[in-house]
Amino acid sequence: ESASASDPDAKSAMLEDFHSHLLKSRRIVALLGAGLSASSGLPTFRGAGGLWRTHDATSIATPQAFAADPAFVWQFYSYRRHMALNAKPNAAHYALAQLAKSTTKFLALSQNVDGLSQRAHHPPSKLKLLHGNLFDLKCSDAKCGYREPNNTTDPVVPILAIPQSGQDPTATATATEPNTNPLIRGLDISNPNHTLPSIPTASLPHCPQCRKSLLRPGVVWFGESLPTDVLADVDAFFSADEPIDLMLVVGTSSAVYPAAGYTQVARNKGARVAVVNPDPGSGRALDGKRDWFFCGDAAEILPEMLR
Ligand code: BV8
């Protein structure tokens, strides 16, 4: 059930077997994770080089963390927005978008918040953003309800890095004077050697509607429910009175729920499961229930699988 780039014969036999199942598949689901965007240069969360390596995820990605230290949390997301805006979709994003276009009954469940699938022209009705989007801003007071799409402000919070001599570290880059130094526009939060500047709450973005609360990124934090409309669409797809033929599990450690649980839901509906991941242990969370395991970079393997 496993193939890696170092064993070309095994890989092509597995590709052929996978292909013949793909051609027969009518209803297909894909669960996507950070590894899909790894070869676009965006760090994953867990594992080697992971963004959260030096931080406990729950110290950043929770409502409690935002309440306790909004400036710290905003620096993390400002950096992530900056990185994502400067990244490009890779061949795996395009291959999935193509599969979505050519398969009537297809749904991608993405845990990614980086906007790269959208920028690869993945049909929006076939892309469910389980964990929201870095490029939505919303009022941190749910009662206010304000939301806006925003993929232009960069950085969202004033300058976040190593002040250079003669520069005001709290100044925001202006249109006339674009600041192209990534270290200045977004502090590399994964580097523990960078000390985070302290930013007064007053200079964080505030809600233009209630004029009281801070804006926050439109992502789903730990302990928060996934968007109800997204969950309803996903449930409708799974509960349709037809089997699911194929589930692709791409670039995820399958560590975060409820997302990780969808693989079993698909399996219960008859799906065969194909995993794409460079970490041979990554399917462990799937409890050995992988029908195909393509060990390697999604950007290389998915285009071959979906060709
Ligand atoms: C909720 C968004 C109801 C913002 C993120 C037990 C059972 C069920 C649930 C729980 C439970 N215990 C606790 C919970 C709840 C919790 C949870 O799952 N905790 C875990 C840690 C146990 N879940 C929640 O809170 C969810 N809400 O359940 O609501 C509720 C409410 C209250 C109380 C209970 C229940 C909400 C979770 C949302 C978390 N939001 N982020 C942001 O991005 O900042 S999490 C975060 O993890 C990421 O954003 C990402 O979306 C998600 C998953 O990570 P992955 O994408 O898998 O990335 P990871 O780095 O882990 O792995 C990358 C993989 O890629 C690796 O395998 C690597 O080998 C591979 N890779 C590397 N390079 C490549 C590659 N693959 C292919 N090609 C390459 N080149």
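Let's start with C207 and its contacts. Leaving out neighbours within four places in sequence, C207 is in contact with C139, C144, Y146, K212, S213, L214 and L215. Contact here means C-beta atoms, placed from the backbone, within 7 Å of each other. C207 sits in the loop between α6 (182-185) and β7 (215-219). Helices (H or I, at least four residues) and strands (E, at least two) are DSSP runs, numbered from the N terminus.

A word on the model. It is predicted: local features need pLDDT of at least 70, side-chain atom pairs count only at pLDDT 80 or more, and totals for chains, interfaces and linings use all residues. Residues are numbered from 1 along each chain as its sequence is written.

Is C207 buried or exposed? Buried, because 21 other C-beta atoms lie within 10 Å. The cut-offs: 20 or more is buried, 12 or fewer is exposed, and in between is partly exposed. C144 is partly exposed, because its count is 15.

C144 lies in the loop between β5 (132-139) and β6 (147-149). Beyond four places in sequence, C144 touches C139, C207, Q209, C210 and S213.

Now the record. An unreviewed UniProt entry annotates C139, C144, C207 and C210 as "binding site". They spread over 72 residues of sequence, yet cluster in space, with a largest C-alpha distance of 9.0 Å. Such annotations may be inferred rather than shown by experiment; positions use the numbering here, and feature names are shortened.

Last, the core. The largest nonpolar core has 50 residues. Helix α4 (residues 91-102) gives the largest share, seven residues. A nonpolar core is a set of buried Ala, Val, Leu, Ile, Met, Phe, Trp, Tyr and Cys residues joined through C-beta atoms within 7 Å.

Definitions and conventions
Two residues are in contact if their C-beta atoms, placed from the backbone, lie within 7 Å.
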